[in-house]
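Have the sequence and the 3D view open as you read.

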Amino acid sequence: MFSIGEFSKITGLTVKTLRFYHEKEILGPACVDRETGYRYYDVRQVDKARVITELRKLEFSLDQISELLNNYDDEADILDHLERQKATIDEKMRQFVDVGRSLERIIQREKEARMTVRNSTFEVEEKTLDTLLVAGVRMKGRYSECGKGFAKIGKAMGWYICGKCFLLHYDAEYKEDDADFEACMPIRKGKVVSDISVRELLGGRCVALLHKGPYEELSKSYGKIFAYIKDKAYEILMPTREVYLKGPGMIFKGNPKNYLTEIQILVKRS
């Protein structure tokens with residue numbers, strides 16, 4: 001007979017684990033001293049402890065282990081159980097891959113937002129926009145309804161998406177209830193999807209301004225960028241764009257004071 005400490009060293013299971021297995025009736029001691037309450041194990045239980053350890057390594061639950069120990073004593077007899085367990089593990093692995101990709105997207109987005117803030121002067125600048133392959137959903141209504149369009153693209157395009165979501169504004173003025181806009185996302189390659197336009201969005205000379213703060217305060221930045229365009233005597237090419245570099249996150253809504261939106265207006269000389 002071995003004391004619980006000796007049995008712990010023999011099996012590689014901690015005393016705490018052995019007590020837990022006793023409580024769960026998975027691996028109880030051969031006898032318990034009535035006066036001291038000390039647990040004692042015999043040599044025949046060493047192999048049972050080894051079996052439990054191996055099954056735990058294979059991610060079997062304690063309930064599953066209890067069933068296997070009570071009904072089987074050969075791996076050939078538990079083939080069906082092993083195959084089901086493998087299928088369960090394969091599914092978990094697929095789920096973990098998806099979780100890892102989601103984490104990578106969040107991390108990358110936040111790193112890019114930090115870098116953008118660090119490098120920006122928050123002044124109007126001129127640059128050239130590249131032509132993009134985009135998926136877009138044209139909408140009529142309130143600007144706040146654009147999330148439905150983005151969700152539709154996200155569901156249809158999935159891992160083809162390769163950049164920040166943005167809105168194309170087709171109105172030359174602000175409209176409250178019947179605005180004409182298009183929710184867009186850059187994609188690596190296109191596929192035909194109902195109600196989603198997949199096409200190349202032409203780039204060109206652009207006047208841009210990074211806005212930090214709530215969407216409700218974008219009007220201040222529009223005033224600044226339009227003043228610049230008028231001073232340069234540029235002609236505006238429609239539609240204009242709002243690129244959402246940082247907004248409500250996948251986990252937290254976040255502080256609107258930290259939202260980052262880049263206003264992009266294609267222009268040409270008059």
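A quick definition to begin with: a residue is called buried at under 20% relative accessible area, exposed at over 50%, and partly exposed in between (1.4 Å probe, protein chains only). Glutamate 112, with a relative accessible area of 34%, is therefore partly exposed.

Some ground rules. This is a predicted model, where local features need pLDDT of at least 70 and side-chain atom pairs count only at pLDDT 80 or more, while totals for chains, interfaces and linings use all residues. Residues are numbered from 1 along each chain as its sequence is written, and side-chain values use heavy atoms, with hydrogens and water left out.

**The sheet**

Helices (H or I, at least four residues) and strands (E, at least two) are DSSP runs, numbered from the N terminus. Two strands count as paired if DSSP finds at least two bridges between them. Here, 3 strands make an open sheet, ordered E1-E3-E2, with antiparallel pairing. Strands E1 (2–3) and E2 (31–32) sit at the edges with a single partner strand each, so one side of each has no neighbour in the sheet. E1 pairs with strand E3 (residues 39–41) over 2 bridges, in the antiparallel sense, and phenylalanine 2 stands opposite tyrosine 41 in E3.

**The salt bridges**

Side chains of opposite charge can pair when their charged atoms come close. A salt bridge here means a side-chain nitrogen of Lys or Arg within 4 Å of a carboxyl oxygen of Asp or Glu. Searching the whole structure turns up 16 of them. Here are some, with their N to O distances:

| Pair | Distance |
|---|---|
| Lysine 57 and glutamate 54 | 3.5 Å |
| Lysine 164 and glutamate 112 | 3.1 Å |
| Arginine 205 and glutamate 126 | 3.1 Å |

Which parts does the lysine 164 pair tie together? Lysine 164 is in the loop between helix H6 (146–157) and strand E6 (166–169), and glutamate 112 is in helix H5 (residues 79–119), so the pair joins parts 52 residues apart in sequence. Lysine 164 is partly exposed at 22% relative accessibility.

Arginine 205 in strand E9 (residues 204–212) and glutamate 126 in strand E4 (residues 125–129) are 79 residues apart, so this pair also links distant parts of the chain. Both count as partly exposed, arginine 205 at 41% and glutamate 126 at 23%.

Lysine 57 and glutamate 54 are 3 residues apart in helix H3 (residues 44–57), which means about one helical turn separates them. Lysine 57 is exposed at 59% relative accessibility, while glutamate 54 is partly exposed at 35%.

Finally, Arg109, Glu110 and Lys246 are linked in a network of salt bridges.
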